[in-house]
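Please read this briefing beside the sequence and the model.

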Amino acid sequence: MSGFIVGLTGGIGSGKSAAADCFAAHGVAVVDTDAIAHELTAVGGAAMPALVAAFGAKAATADGALDRAHMRRLAFADPSARKRLEAILHPMIRTLSAERCRLARTPYVILAVPLLVESGTYRERCNRIAVVDCPESLQISRVMARSGLSEGEVRAIMASQASRDERLAIADDVIANDGELAALENRVGELHRTYLRLSSENAKANC
Ligand code: ADP
């Protein structure tokens, strides 16, 4: 069992997934709440029966996965629908992510949570919080290149998330990601050594 949890967060396009991949390359277990949400809503996903019961057959595509475009429109237009969607998904994501952190066999676990700042329950689970940070202009250009969204659409998503300052305020460690990927890898390598030390001290203190 791995008792030491490092929360990893950052705004959209900051490079959370890239940073999580760097930790994974060191052999560290990564538990990603976004990936779990996708699993739960994929074909045969554990959340699909409850979602179809709550929102009707239109919630699913012909093959039985969540119709993301439909649900995104619905959640945007109707805040109560968004709440019902979250009421189904969030407890399942919380339970599954906790279970995976518990089962991890690495000295520490990276718990990647896009909305860590906004969510008290995830913050409470973390021994340490690492925030991936870059200028907002870079977030916008990366997301536009990745997704084809317009600048306005990216800004609207960013406006719905915590601000850069709010994220930095809860960071124990900042992962600046405004340069080359090699610089990100170096910074993650440095933090990996720190987390190995901290998790070992933590394990000894709990003996
Ligand atoms: P997030 O998970 O925070 O939304 P990603 O890790 O997916 O962000 O990064 C957003 C995009 O920017 C991806 O296409 C990723 O490959 C790219 N990217 C991230 N960091 C860098 C970097 N340092 N240099 C170049 N491209 C990067």
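**Helix packing and ligand site**

Helix 7 (residues 136–147) and helix 8 (residues 151–160) pack at an angle of about 120°, their axes lying 9 Å apart; axes are lines fitted to C-alpha atoms, for helices over the stretch in contact, and angles run from 0 to 180 degrees between N-to-C directions. The model is predicted, so that local features need pLDDT of at least 70 and side-chain atom pairs count only at pLDDT 80 or more, while totals for chains, interfaces and linings use all residues. Residues are numbered from 1 along each chain as its sequence is written, and side-chain values use heavy atoms, with hydrogens and water left out.

**Helices 7 and 8**
- The contact (heavy atoms within 4.5 Å) is made by Glu 136, Gln 139, Ile 140, Val 143 and Met 144 of helix 7 with Glu 151, Val 154, Arg 155 and Met 158 of helix 8.
- By class, this contact of helix 7 with helix 8 has five nonpolar, one polar and three charged residues.

**Helices 4 and 5**
- The axes of helix 4 (residues 68–77) and helix 5 (residues 79–103) come within 5 Å and cross at roughly 125°.
- Met 71, Leu 74, Ala 75 and Ala 77 in helix 4 meet Pro 79, Ala 81, Arg 82 and Leu 85 in helix 5.

**Ligand site**
- Around the ligand are 14 residues (a heavy atom within 4 Å), of which Gly 13, Lys 16, Ser 17, Arg 146 and Asn 177 come nearest.
- An N or O atom in the side chain of Arg 146 is 2.7 Å from an oxygen atom of the ligand, and a polar side-chain atom of Asn 177 lies 2.7 Å from a ligand nitrogen atom.

Key:
Helix = DSSP H or I, 4+ residues; strand = E, 2+ residues; numbered from the N terminus. Nonpolar A, V, L, I, M, F, W, Y, C, P; charged D, E, K, R; others polar. Polar contact = N/O pair within 3.5 Å; in protein donor to acceptor, adjacent residues only side chain to side chain.
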